[in-house]
Amino acid sequence: MANSGKKIDVEQIDLERMAEMAAENPGVIPFPHTVGSAMIKPEDKGKIKGRSLSAMYEQTELDMKQIYEQMQLLAKQAKVIQDRVEFSERMYQAKMTFEPLIGKVYHLYTNKKGEDVLSLVSPKEWGKSTPFQRFICTAKLLSDHTWEVLERGEQAD
C-alpha cells in the first residue's frame, strides 16, 4: 500500500483551541464561518429601510388609485340606477290603458293636455297623424320593473 500522505497525530490536536475557532451557531454570525462560505457584507440598514418604505408607499399608492377608480365606477353605476328609478317613476305616473309586460318595448308621449301617455304604437307607426303633442321616448320594461330608455325624442326632457 502506498503512503498517501502524512499521518495525523491525534495526540497533537488542541481541541480547546479548535473550539475557539468554530462557531456554535454558524448560521447566525454576521461573517462567513468557513473559507468556502458565501461572502457576507454588512448592509446599510438605513438604505434597506428606505427602499422598503419607498416600495411600500408605491404599492399602497397603486392600491389606493385602484380603489378610487372602483369607487368612481360604482358611483357612475349608482347614478345610472338612480336615473333609471326616477324615469321609471315618471313612466308609472303616465296614463296607460294596458298592463306593460316585462321585456316589451313601449313609447311615451305627451298629449295635448300636457299629460304623459304610454302607448304600444311607435312614432314611425303613427306617421303624420299622431294624436300626441310630443314623442318623449321609447323604453323597455326590465325584470326589476324599472324602465330602460332605448331612444329619446328630439325634445325629450
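Visitor: What makes lysine 95 and glutamate 115 a salt bridge?

Guide: Happy to explain, keeping in mind that this is a predicted model. The closest N and O atoms of lysine 95 and glutamate 115 are 3.1 Å apart. A salt bridge needs such atoms within 4 Å, so the pair qualifies. This pair links distant parts of the chain: lysine 95 is in the loop between α2 and β1, while glutamate 115 is in the loop between β1 and β2, 20 residues apart.

Visitor: Why is aspartate 116 called buried?

Guide: Its relative accessibility is 16%, and buried means under 20%, so aspartate 116 counts as buried.

Visitor: And why is arginine 90 called partly exposed?

Guide: Arginine 90 has 21% relative accessibility. The side chains of arginine 90 and aspartate 116 meet in a salt bridge of 2.5 Å, N to O. Aspartate 116 is in strand β2 and arginine 90 in helix α2, so the pair ties together parts that are 26 residues apart in sequence.

Visitor: How do you know that lysine 79 forms a salt bridge with aspartate 83?

Guide: Their closest N and O atoms are 2.9 Å apart, and the cut-off is 4 Å, so the pair passes. Both residues lie in helix α2, four residues apart, about one turn of the helix.

Visitor: What makes histidine 145 stand out?

Guide: Histidine 145 has a positive phi of about 70° although it is not a glycine. Most residues other than glycine have a negative phi. Histidine 145 lies in the loop between β3 and β4.

Note on methods
Residues are numbered from 1 along each chain as its sequence is written. This is a predicted model: local features need pLDDT of at least 70, side-chain atom pairs count only at pLDDT 80 or more; totals for chains, interfaces and linings use all residues. Side-chain values use heavy atoms; hydrogens and water are left out. Helices (H or I, at least four residues) and strands (E, at least two) are DSSP runs, numbered from the N terminus. Buried means under 20% relative accessible area, exposed over 50%, partly exposed in between (1.4 Å probe, protein chains only).
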